[in-house]
Structures are given as C-alpha cells and as structure tokens.
Amino acid sequence: MASASSITATSNPQALTDRIIARAADDNIDISVLPFHQEVLQSITQLRIDAANIPSPDFTHASRIDTHTHPIPAWFRTLELSAAGRATPSWDVPAHLCFMADHGIKRSVLSVSTPQANAFAIPSKFEADAELRKKKTIALARLLNEFVAEVCRIWPERFSWLAVTALPYVEESVREVEYALAELGAVGVSVLTNAEGVYPGDVAFGGLWEYLEDRARKGDGREVVFIHPTDPVIALEDGRLVSSRPSPLRSGLGEFYFETARAISSITASSDPYNSALLRYPHLHWRISHGAGAFPDISQRFLLGFPNESAAARDAFKTRLWYDSAGPVWPNQVKGLTEGLSVPVGQMVFGTDYPYGIGFWDVDANIAGLADTESITAGEKEEVFSKNSQSLWQGKIKW
C-alpha cells in the first residue's frame, strides 16, 4: 500500500484520473455507479490546471486557523442544492483564499458539509434500493475525499482536510478512513450527527472508533473526529428514511444545534453503561461544531441519568472535546461551555463555517464577537484563533 508521500503531484490529468480509478477498483469501489463520476474526475484534474492562473493573495499578516470550513465542488452543489433549508452556496478556491486573506486566516481545515456521502439517504432523494444506496454512498465518499485531497496537495500551506466516511457502512468506512489518513494525507475524520438515523455513539459504529483508537495508540497518541450537524431522520421498519425534523423552520435556525446535542449525548453515554464512545476510546479527540449547540443547556440534566459516568464525562468535555466559534458563539453562547461546563478556553478553536455562514450571519460580526470580547485576555484570544488548533493537530499539520 502506498504512503501519503508516495502520491506525488502530477501535471498529467490522465495519470491522476488513472490513479483514482485504479485505487477505487483495488478497494472494490465502483465509482461508475454515480452517473456524474466523469464530471467529478474532470473537476479534480482541472484543479491543478486552474491553479496556475490563480494569484495568491497577501498572507503576510495572517495568523488565524479556521477549523470549520467547507469545500463545495460544483457537482456536489448540483447534487444537493439546498443545505439546512437554504440554497447551497457556491465555492471555489480563489474565493476561499481571498476570504482567508481578508480575515487574517493563514490556514483553513476543510471538511465536506451535510449530507457528505449520505446524499442518497436524505428523504428528498432517497434511493430505495438498499444495495444501490450503499454502493453510491461508498463511491461518493471516495470521490469527495479524492477531490479535497487534491485541493490540499496543490495548496499545502493554506489547506488541510478531514476525510468523510461511508457511514452507516462501518467496514467500508474503516477502509475509506484508512486510505484517507494513510495515503491521501487527511488530518482527521468528519462525521455527521447521524448517518441514516444512527448516531455516532451507537454500538453499531464501534468498529470505526476501535480502528481510530488503535491507530492513535500506535501513532501520535490521538485521532481527531469532527462532528457536524445534519437533518434528523427516522428509519422505518420497511427500510425507508423519513424526516423527523419537527419544526417548520429551516434546520440552520435551530434543529442543527439540537442534533449536535443528540450526537454529544450519544458518544457520552447510552443505556449500556459500557458503551460510552467518549470513555471507551480515550485517544479520540472530538471536534464539536457551533460551540456545542444546545448541549451545554441540557448537559447537567442529561448526566443525572448516568451517575457512574458523569464525572469522567465532565472531565472529557474539558480535555478531549474541542469547540469552534462558528456562528454567534462569542461572547454570549460560549458561557454555556465556560460557565456551565467549566470548559477552559484552551479547548476553544476558531471557525467561520465558510462559505455556508456567508449571508446567514454577519461573518465579520461573528469574528468580532471573539476578537472584541472582554471576557478573555488578549493571550487567550490568540489561543482560540490559532494556538489551540496547533495543539490539537500537533504532529499532523506542518505549521
């Protein structure tokens, strides 16, 4: 098996395409099951061609690290025109680089947003054939990872990335994550708050967490897992998935933050006291979006149900969960973490949710909420903007 360093950049589009196809075939992944796979391959090869004509903005004074950003290939936007109840934004590398330079950001960590590879499981385009849905999910995970990996190979000083999985298909997800981490250069894994209605702490997903835990033990001591919200669904007895979003409002206005609370609750404890993913896998560090959403507000009541695990869980919340500032987290929402859960500022990282946040909230105001707050010192702000991220990904990203 090739190592990350053995996958060299090439200016030969056909050689790149041949490698992607051959590697997928080696893993028994049929990318042709996606009718748009040729468009995907073309978009990947076009990245390096276009890069030659992209001017580099001035990053001389940039120091921030944006841990919550989303690449959106044009073909992925076509596949999912709506996100959280609003139009999926456009994205390209030149615009992202300009956004970074304009906001003092020297590096962005990329992760594909909802629905990731689960595009064929959402109720609006549900693929009823279970085997075909599985094949499409696995193929889409591979092509999304190949696309984002190529972006980061071309701009290694500006972008790092988190691999998507093929969940709820665990064996295939382990294979995909292994490939992404060991060969494509991913610096962590991104999962949704649920995959076909199954939440991250479910025992069914234990095989993926066991793989990452073992890899961390044998490697640098930690693996990073980013949990990002998606819409809730319920799996019916006949195999169909239906929306379980109770509110008529779009998900980005509320449901995403309840989903985040469900996912954190899921990894924290379950009806089986020995099935806490948070406690069973101590080498996994969980990147939590949007300041932990609604979880701080329910955490104390939730933990009452798990008196034997609550102390260890609270400790993990303060040491192995890392919370980003995307959305209006500072200066008010963050108090649920700092005052409610006693989470230290050392566990906070900077995030913008670019480009999804554009037009949803005032990104400048969002950043200013952190930059101008009087609740932490200038040194602590520097920690949130960059130093904490460097600590989280120490040894995984060359700063």
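Me: How many Å should helix α7 span, at 1.5 Å a residue?
Reply: This is a predicted model, so treat what follows as a reading of that model. Helix α7 covers residues 206–218, which is 13 residues.

Me: Which residues of α7 are buried?
Reply: Start with the general idea. An α-helix has 3.6 residues a turn, so residues three or four places apart point the same way. Now the case here. The buried residues of α7 are G206, L208, W209, Y211, L212, E213 and A216.

Me: What covers the buried residues of α7?
Reply: The cover includes helix α6 (170–184) and α9 (277–280). It also includes β7 (189–192), β8 (223–228) and β11 (284–288).

Me: Which residues touch the most other members of the largest nonpolar core?
Reply: That core has 110 residues. L140, W161, W209, L212, W286 and F317 touch the most other members. Helix α5 (residues 130–154) gives the most to this core, with 12 residues.

Me: What is the strand order in the open sheet of 3 strands?
Reply: General idea again. Strands of a sheet pair through backbone hydrogen bonds, either parallel or antiparallel. Here the order is β1-β4-β5, with parallel pairing. The edge strands are β1 (64–69) and β5 (159–161). The twist averages 25° from one strand to the next. β1 and β4 (residues 105–110) pair over 4 bridges. R64 stands opposite I105 in β4.

Me: Which strands does helix α4 lie across?
Reply: Helix α4 (residues 93–102) lies across β1, β4 and β5, at about 130° to β4. Helix α15 (residues 378–392) lies across β1 and β4, at about 75° to β1.

How values were computed:
Residues numbered from 1 in each chain as written. Predicted model: local features only at pLDDT ≥ 70, side-chain atom pairs only at ≥ 80, totals over all residues. Heavy atoms only, no water. Helix = DSSP H or I, 4+ residues; strand = E, 2+ residues; numbered from the N terminus. Expected span 1.5 Å × (residues − 1). Buried < 20%, exposed > 50% of the residue type's maximum accessible area, 1.4 Å probe, protein only. Contact = heavy atoms within 4.5 Å. Core = buried A, V, L, I, M, F, W, Y, C linked by side-chain atoms within 4.5 Å. Pairing = 2+ DSSP bridges. Axes fitted to C-alpha atoms, helices over the stretch in contact; angles between N-to-C directions.
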